[in-house]
Amino acid sequence: AQLPVLAKDFRVLQFSYPGHGQSGINPEAASMTGLAQGIVGLIDKLGVQKFSLVGLSLGGMLGLHLAAAAPDRVQRLVASCCRYYQTPDLAKQWDDRIASVQARGMEVVVQPTLERWLGEDFRREHPEETLQVRSMMASTTADGYAHCAAAVRDFDGRDMVSRISARTLIISGANDLAAPGEHMRELARVLPRARYEQLAGAHLVNIECAQDFNQLIGSFLNED
């Protein structure tokens with residue numbers, strides 16, 4: 001739902017993580033640094049020097065990493081529904097999910113993840129969008145899930161966020177259990193040039209609150 005809005009004013013580059021969509025597995029990408037290197041390699045091939053990044057969840061974490069590692073290239077950043085570090089208990093949850101998927105396949109995590117990602121009312125009232133999200137998860141390879149889950153588990157941005165100079169929009173979901181509003185507000189406070197907004201959704205606010213999300217990112221990326 002974001003592509004038609006962004007494409008009016010920007011050249012938009014979308015990418016798949018390793019083991020997602022038609023992207024192959026790259027064992028070196030099982031870290032935020034590895035994922036970031038893949039993105040930088042891609043935009044270098046396309047001759048892109050400076051860019052803005054809109055990311056959610058893992059994408060938001062990747063945006064934080066890139067904005068800190070390449071401050072001269074990231075102009076603006078939208079980081080939504082993402083933690084910038086994990087607690088030991090959350091890291092253990094990721095270990096358990098990775099082990100379950102490697103042993104039993106993706107189906108074991110699809111329904112629990114769907115219930116965290118989209119609110120109950122939205123799932124009931126929007127069965128087509130819900131099915132699309134379910135199908136996306138089910139089609140992800142177990143290795144791809146494990147690699148990206150490990151990148152999320154191991155990411156700790158506490159020592160790097162102060163280096164982010166890009167203007168940043170932080171968006172959270174009021175009902176997001178994965179990246180609660182309190183954590184996202186904390187992130188906004190420690191970023192030098194951040195603004196915080198909250199929408200009335202769960203984790204995938206770009207789907208559940210698409211119109212409001214589009215309005216926020218559209219005005220932020222275009223403002224002087």
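**Reading helix α9**

Guide: Among the elements covering the buried residues of helix α9 are α3 (58-69), β2 (74-80), β3 (167-173) and β4 (194-199); cover here is contact, heavy atoms within 4.5 Å. Helices (H or I, at least four residues) and strands (E, at least two) are DSSP runs numbered from the N terminus. This is a predicted model, where local features need pLDDT of at least 70 and side-chain atom pairs 80 or more, while totals for chains, interfaces and linings use all residues. Residues are numbered from 1 along each chain as its sequence is written, and side-chain values use heavy atoms, without hydrogens and water.

Visitor: Which residues of helix α9 are buried?

Guide: Buried means under 20% relative accessible area, exposed over 50%, partly exposed in between (1.4 Å probe, protein chains only). In α9 (residues 181-190), Gly 181, His 183, Met 184, Leu 187 and Ala 188 are buried.

Visitor: Why do they line one face?

Guide: An α-helix has 3.6 residues a turn, so residues three or four places apart point the same way. Viewed down the axis of α9, the buried residues fall within an arc of 160° and so line one face; the arc uses directions from the helix axis to the C-beta atoms. Exposed Glu 182 and Arg 189 sit on the face turned away from that buried side.

Visitor: What does Leu 187 touch?

Guide: Leaving out residues up to four places away in sequence, Leu 187 touches Leu 64, Cys 82, Tyr 84, Val 161 and Ile 170. Met 32, Leu 62, Leu 64, Ile 164 and Leu 187 have the most contacts inside the largest nonpolar core, which has 45 residues. Such a core joins buried Ala, Val, Leu, Ile, Met, Phe, Trp, Tyr and Cys through side-chain atoms within 4.5 Å.
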